[in-house]
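Open your viewer and get ready to click along. Each stop tells you what to select and what to look for there.

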Amino acid sequence: MTDLDQAAKRWGALDKKIGEKALTVPLFHPVYKRLYGEDVKNVVISDWTGVLDISRVAVK
């Protein structure tokens, strides 16, 4: 297509169609407060999941 105005309209229509069919995936992770004492070491909470990796936790 050589007519830029027509091409822009067609691209806009395609973009609208894709937007209507696209999936939306909400990325929401609640924030939980975690308390631990000073005699606990290796407390690592994932930035992505917010989950504490209990396999690494130990007592000093």
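Which residue caps the N-terminal end of H1? Select Asp3: this residue is the cap. One of its side-chain oxygens lies 3.1 Å from the backbone nitrogen of Asp5. Keep in mind that this is a predicted model.

Next, select helix H1, residues 4-21. Check its length. Now look at its surroundings.

Move on to Leu23. You will find Leu23 in the loop between H1 and strand S1 (40-41). Is Leu23 buried or exposed? Leu23 is exposed, because its relative accessible area is 79% and the cut-off for exposed is over 50%. Together with Leu23 they form a nonpolar patch on the surface, with about 550 Å² of accessible area.

Stay in the loop between H1 and S1 and select Gly37. Gly37 is partly exposed, at 39% relative accessibility. Gly37 and Trp11 are 26 residues apart in sequence, and their C-alpha atoms are 59 Å apart in space.

Last stop: Asn42. Asn42 sits in the loop between S1 and strand S2 (58-59). At 42% relative accessibility, Asn42 is partly exposed. Check its backbone too. The phi of Asn42 is near 65°, a positive value in a residue that is not glycine. Most residues other than glycine have a negative phi.

Note on methods: Residues numbered from 1 in each chain as written. Predicted model: local features only at pLDDT ≥ 70, side-chain atom pairs only at ≥ 80, totals over all residues. Heavy atoms only, no water. Patch = residues over 30% accessible without salt bridge, like charges linked within 9 Å, V, L, I, M, F, W, Y side chains within 5 Å. Areas by Shrake-Rupley, 256 points an atom, 1.4 Å probe, with all protein chains shown as cover. Salt bridge = Lys/Arg side-chain N within 4 Å of Asp/Glu carboxyl O. Helix = DSSP H or I, 4+ residues; strand = E, 2+ residues; numbered from the N terminus. Buried < 20%, exposed > 50% of the residue type's maximum accessible area, 1.4 Å probe, protein only. Polar contact = N/O pair within 3.5 Å; in protein donor to acceptor, adjacent residues only side chain to side chain.
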